[in-house]
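Visitor: I have a structure open and would like to learn how to read it. Could you walk me through some features?

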Amino acid sequence: MSENRTVWEVFIQSKNGLAHKHVGNVHAEDKIMALENARELYTRRNEGSCIWVVKSKDIISSESEDAEAFFDPSNDKMYRHPTFYTMPKGSKHI
Amino acid sequence: MDNELLNYTLRIADNSLILGQRMSEWCSKGPTLEEDIALSNISLDLFGQANGFYSYASQLDGNKSPDDLAFLRNEREFFNQQIVELENIDFGNTIVRNFLYDSYNFLFYSSLKNSKDDTLSALASKSLKEVKYHLRHSKNWLIRLGDGTEFSKQKVQQSLEDIWQYTHDMFSMDEIDNKMYKLNIGINNSHLKDEWDKIIDETLLEAKLVRPKDGYKAEGGKNGMHTEHLGFLLAEMQFLQRAYPNAKW
């Protein structure tokens, strides 16, 4: 049974309206089993209101050797951070 | 009336406890890590349900604690259906037994939810959510195994043939059932049969399995008549309380 098992990445949404967060992965033969296994492994303690599963092989990742080209250019561009504004009093969540 | 209600409540509690104990045997032995956790979770759900019904039974009894009821009764004093005490044998066999029983249990709680007895009704509503998931789990696996390889199909078909005789008792009515039904506390088991047939037939069709023919009917669990498997199960489950009475964690 274990030879052909696909790996699925699991994303849990903790509350309606929030983003789904990556929590780990599961093995499963098909999408129904992937959802059920994710439910068993990652929502036992009331963590979720919605689950996404995605086949790991379907996720396109950037390569670590590209990290410089991808991310370094933003380092010296201070103006991309909204730090030059005076915050209105009482606004806590910005 | 109280005695009959106690007995009726014990039947429900015993079904959950004994199947829970059977499912706990899968812990650390599941076919995969994910499935191991799934099977153990189902076991824990069942223990939780049993605890609820034993607490009510203990209240009705007025003397015995829920633990006394679970750990200090003998084989003939257990009123669970025989189907829940059957040995797991293998994963496919466990799935078949659970599917046949989960289908019934789902319908049973759906109906018991409307009981005039507030406690039974509340316990049924709470259990129903879990049992819906149990049914989903066993049903999906049965379809996978039935419509899987030639070998898996042959194995689950054989399990169906072996276990079928134990399904009839789910729908039988005895004196206690009738009395509870008349008082609108219990339900009429025979009324669940059509719906059960529907779930079974639809699923077997999808799983490409054949419904076994009705033959011998194994009955009597709810009156304390059991297969040889229950004694061994109780011996293991009750050992600690029997050897060290009142032992606490």
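Guide: Gladly. Let us start with exposure: a residue is buried under 20% relative accessible area, exposed over 50% and partly exposed in between, using a 1.4 Å probe and protein chains only. This is a predicted model, in which local features need pLDDT of at least 70 and side-chain atom pairs count only at pLDDT 80 or more, while totals for chains, interfaces and linings use all residues. Residues are numbered from 1 along each chain as its sequence is written, chains are lettered from A and ligands numbered from 1 in the order in which they are written, and side-chain values use heavy atoms, without hydrogens and water.

Visitor: Is Phe84(A) buried or exposed?

Guide: Phe84(A) is exposed, because its relative accessible area is 58%. In chain A, 20% of the 94 residues count as buried.

Visitor: How does the radius of gyration of chain A relate to that of a compact globule?

Guide: The radius is taken over C-alpha atoms, and the globule rule is 2.2 Å times the number of residues to the power 0.38. For 94 residues that would be near 12 Å, but chain A has 19 Å. Its C-alpha atoms fill a box of roughly 60 × 40 × 15 Å along the principal axes.

Visitor: Now chain B. What does Asn80(B) touch?

Guide: A contact means heavy atoms within 4.5 Å. Leaving out residues up to four places away in sequence, Asn80(B) touches several residues, among them Arg11(B), Asp14(B), Lys222(B) and Leu230(B). Leu230(B) is 150 residues away along the chain, yet the two C-alpha atoms are separated by 9.8 Å. Asn80(B) counts as buried because its relative accessibility is 0%.

Visitor: And salt bridges: how many does the structure hold?

Guide: A salt bridge is a side-chain nitrogen of Lys or Arg within 4 Å of a carboxyl oxygen of Asp or Glu. Over all chains, the structure holds 16. One of them pairs Asp177(B) with Lys222(B), with the closest N and O atoms 2.6 Å apart. Asp177(B) lies in helix 8 and Lys222(B) in the loop between helix 9 (193-206) and helix 10 (229-243) of chain B, so this pair ties together parts 45 residues apart in sequence. Helices here are DSSP runs (H or I, at least four residues), numbered from the N terminus.

Visitor: Which residues are joined with that pair into one network?

Guide: Through shared partners, salt bridges join Arg11(B), Asp174(B), Asp177(B) and Lys222(B). Both Asp177(B) and Lys222(B) are buried.

Terms used
Helix = DSSP H or I, 4+ residues; strand = E, 2+ residues; numbered from the N terminus.
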